[in-house]
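Please open the structure in your viewer and keep the selection tool at hand.

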Amino acid sequence: MKTVEEIKAAIEKAVPGAGVEIIPNPSVSGQHSLRLNPQTAIAVATFLRDDADLSLDFLSNATGVDWPDKEVAEKVKVTRTVTKTVDGVETTAQETVEETVKRVVPGCLEAVYHLFSVAKKHGPVILRIKTVNRSDQVNLPSFTPIWRSAEFQEREIFDLFGIVFTGHPDLRRLLMWDEFEDHPMRRDYVEPDDFEYEPTAHDEVLKRAEAQRAKMQGASA
Amino acid sequence: MDDGLKIELGKQGVFVTTIEELYNWGRRSSIWPMQFGLACCAIEMIATTMARYDLARFGGEVFRPSPRQADLMIISGTVTKKMAPQVVRLYNQMAEPRYVIAMGACAISGGPFKQGYNVLKGIDRYIPVDVHIPGCPPRPEALLHAFITLQKKIDGQSLTGENRPRHLNAEAQGEFPVPVQGAHDLEPTSNKGVWPIPITIR
């Protein structure tokens, strides 16, 4: 099979301005992945399926990844003008101080696809697509029109991660009920507190069970 | 009546019984389970009905595909929060007298999925359960044992008085509220009438 670099070159030849990026995997398996641009993802995916050399006709796996907002602390050198009084004489001097600056790297949601070729007996080729953020811009193009096997897996990603796939023929929740509002596989999901009875509770669960029991007994009394 | 006297009369060809005994014998000898399974425990339940374990020996072989004709609900497997309202609704549709066996770790407590977000932590939060069977999954022998335990329970019921069966008590609760699937969890999270919070003794 072609290497990731060769696939990237082939994509960029077929789809001008595809904006494909290689994400290296440093582990032993070396399964490097390709990050697609949401705007050109459909064209790239169609090319990967239809190209005679690649003919990636089978989408075996689609899943989601949640990247929460991350706070990064960076050390920055800041040069300031400092006024000092030495022996009654005022002097100004340039002083360089190291400061720790905290900034928030915005999170996103990501869909990951694993492609194989049944015809050519090769694979996997791994595709990734990122959303803009985790709250309101969570749309990604759906691959269901290209690989039918993506249908239920994209519904599952929609259910558990909250990525909205535009172009999906039947985007409903798959595992949870329709009235459910949360996305359980997100890192910041808070699960319902129904731990009032735990026969062998300990640690965290014991704390939750005691709090819940106190709350419920207070409500019933 | 004295048991010794009854045996003695039996030897003489005289059969003596009470209405209560006859009535309970009839009830316990033809418990028809409802034909439905929820997860892997259902496979063991099916095995129990087959030739090797043969639930028919105890009068329970007629699995009814309709709750209207069933006496016994075997909760065989994981009850997800998505499925729980339907289980309660099916139980409401069964005619009295009706019984429930909670089969397996999931049905009695949530089992290995207890600390997850989508599994009910025991069906006894919503409907009254007569027999609980632990195990993951319980062997067919365990289900047979539960079945016999239920028969013993029916046999021991008195038709009058405080502890009479629910179908003879006009004031007993007949319909159990079906939980609503809410935005974050089932509402309410349990039926306080059938499931007061158990007290843990350490």
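Begin by selecting B:Pro97, which is found in the loop between α4 (84–93) and β2 (99–103) of chain B. Here helices (H or I, at least four residues) and strands (E, at least two) are DSSP runs, numbered from the N terminus. This is a predicted model, in which local features need pLDDT of at least 70 and side-chain atom pairs count only at pLDDT 80 or more, while totals for chains, interfaces and linings use all residues. Residues are numbered from 1 along each chain as its sequence is written, and chains are lettered from A and ligands numbered from 1 in the order in which they are written.

B:Pro137 belongs to the loop between β3 (131–133) and α6 of chain B. In general, most peptide bonds are trans, and most residues other than glycine have a negative phi.

The next two stops concern phi. Select A:Ser55, in the loop between α2 (41–50) and β3 (58–67) of chain A. A:Ser55 is not a glycine, yet its phi is positive, at about 35°. A residue is buried if 20 or more other C-beta atoms lie within 10 Å of its own, exposed if 12 or fewer, and partly exposed in between, with C-beta atoms placed from the backbone.

Now select B:Asp54, in the loop between α3 (41–49) and β1 (72–76) of chain B. Phi of B:Asp54 is positive, near 55°. With 14 other C-beta atoms within 10 Å, B:Asp54 is partly exposed.

Then display helix α2 (residues 19–28) and helix α6 (residues 140–155) of chain B, which pack at an angle of about 160° with their axes 9 Å apart. Axes are lines fitted to C-alpha atoms, for helices over the stretch in contact, and angles run from 0 to 180 degrees between N-to-C directions. The angle therefore makes α2(B) roughly antiparallel to α6(B) (over 145 degrees). To see the contact, select B:Asn24, B:Arg27 and B:Arg28 of α2(B) together with B:Gln151, B:Ile154 and B:Asp155 of α6(B). Two residues are in contact if their C-beta atoms, placed from the backbone, lie within 7 Å.

Finally, show both chains: 15 residues of chain B are in contact with 18 residues of chain A.

Technical notes:
Angles under 35 degrees count as roughly parallel, over 145 as roughly antiparallel, 65 to 115 as roughly perpendicular and the rest as oblique.
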